[in-house]
Amino acid sequence: MHIRQVFPNAITTIFRLTLCVAIARCQTAGNEIGDYAESDTYLIVYCNANTTGSHAAYLQNLIPYMQSNLQAVLRDLDRGTASPAYRAFFKTTKNLDAVRQVFTDIINGPDVLTVGALNVTRWSPPTLVCADADEPLLQHLRDNCNTPTRPPMNTMQPAKIVSICPIFWTLPRVARKAACPWVVGGRLLTEPWNLRTTQYAVLVHELVHVYNRFDDRDEVYDLGDVVGLNATGSLGNAQNFASYAAAVQAGCTEFPAPLDSGGADDDGPHFLSAVIEVVKYVAMESGLFLLWLARARSLSD
């Protein structure tokens, strides 16, 4: 049962203690957190709720937008490996149901099992917290935002609370078609930073950490590394889900071949096809060079 179903106008002390444990600095323990809003089943905390133009109001628009776009991802999943995007990021259909469940959970936002004060576990709504709020309780979240990597978001485990850093608000909402990978002969020519550094992709990434029971915190982010994971590795890597969702949203259809499959048990044919593509590309480039050389010689004679 959701907290707000019991106390519709407040968040209880239990949630506050869960938040305290998540950020490791429980400085106060009031009975309520007054600054909160809702978007469907999602809670939005310390984001200036009920203020026009606030971060809370923005998230109340972004979350439904994400949910709507993920419906397109579910439709793409129905294609299985006939989808170039699904094939690139998840390889085989053996994990299709698990992938579908993660995206379905992000859309529906069911309660998650969190670990709170004194290791007490309870079911809580998925929760987003604005780390830039002027609230002493959130100092540790602000410190995490200012690490050298400057993350736009963090997921605080084991409370499974998503912390939103100031840099998140500077990102574009979604990627355009121009952000899709530039691939020639199965080779990625440049890293498509603009595909993954959007509010949509980052939010999906963090919510995968909340809902994916196969989640592995040893992550890879660069597209070449992401598509290089085998089926097992891709299921545990949040960026595979985020890149897949971003690619479907942007309409991307071409992806680099997985030159390093990370294991031939379930990706062997894909690795072989990648080698063939590289050979074809080298042959094409060599052919063009020979034609140019022949032309140069004919002009010099």
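The largest pocket holds about 520 Å³ of space. Of the 23 residues that line this pocket, Arg 150, Pro 151, Pro 152, Met 153 and Tyr 221 are the closest to its centre. The model is predicted. Three elements each supply at least two residues of the lining: strand 6 (153-156), helix 7 (193-196) and helix 8 (199-211). Helix 8 gives the largest share, with five residues.

Salt bridges were examined next. The structure holds four of them. One joins Arg 100 to Asp 78, with the closest N and O atoms 3.1 Å apart. This pair links distant parts of the chain. Arg 100 sits in helix 5 (residues 96-108). Asp 78 sits in the loop between helix 3 (55-77) and helix 4 (84-90). The two residues are 22 residues apart. Their surroundings were also compared with solvent in mind. Arg 100 is partly exposed, at a relative accessible area of 24%. Asp 78 counts as exposed, at 58% relative accessibility.

Glu 191 forms a salt bridge with Arg 196, and the closest N and O atoms are 3.2 Å apart. The side chain of Arg 196 also meets that of Asp 222 in a salt bridge, at 3.1 Å from N to O. Arg 196 lies in helix 7, whereas Asp 222 lies in the loop between helix 8 and helix 9 (223-228), so this pair ties together parts that are 26 residues apart in sequence. Through shared partners, salt bridges join Glu 191, Arg 196 and Asp 222 into one network. Arg 196 is buried, with a relative accessible area of 18%. The cut-off for burial is under 20%, so Arg 196 falls within that class. Glu 191 is partly exposed, at 22%. Asp 222 is also partly exposed, with a relative accessible area of 32%.

Arg 142 presents another case. This residue is located in helix 6 (residues 139-145). Arg 142 is buried yet has no salt bridge. The nearest side chain of opposite charge belongs to Asp 134, 5.6 Å away. A salt bridge requires a side-chain nitrogen within 4 Å of a carboxyl oxygen, so the Asp 134 side chain does not qualify as a partner. A polar atom of the Arg 142 side chain does lie 3.1 Å from the backbone oxygen of Glu 135. Beyond residues up to four places away in sequence, Arg 142 touches Ala 131, Asp 132, Ala 133, Glu 135 and Pro 136.

How values were computed. Residues are numbered from 1 along each chain as its sequence is written. This is a predicted model: local features need pLDDT of at least 70, side-chain atom pairs count only at pLDDT 80 or more; totals for chains, interfaces and linings use all residues. Side-chain values use heavy atoms; hydrogens and water are left out. Helices (H or I, at least four residues) and strands (E, at least two) are DSSP runs, numbered from the N terminus. Buried means under 20% relative accessible area, exposed over 50%, partly exposed in between (1.4 Å probe, protein chains only). Lys and Arg count as positive and Asp and Glu as negative; His and the chain ends are not counted. A polar contact is a pair of N or O atoms within 3.5 Å; within protein, one must be able to donate a hydrogen and the other to accept it, and residues adjacent in sequence count only if both atoms are side-chain atoms. Contact means heavy atoms within 4.5 Å. On a 1 Å grid over the protein atoms alone, a cavity is a set of points where a 1.4 Å probe fits but cannot get out, and a pocket is an open set with protein on both sides within 12 Å along at least five of seven lines; lining residues have an atom within 4 Å of a point. Grid points are joined across faces, edges and corners, and a volume is the space filled by probe spheres set on the points.
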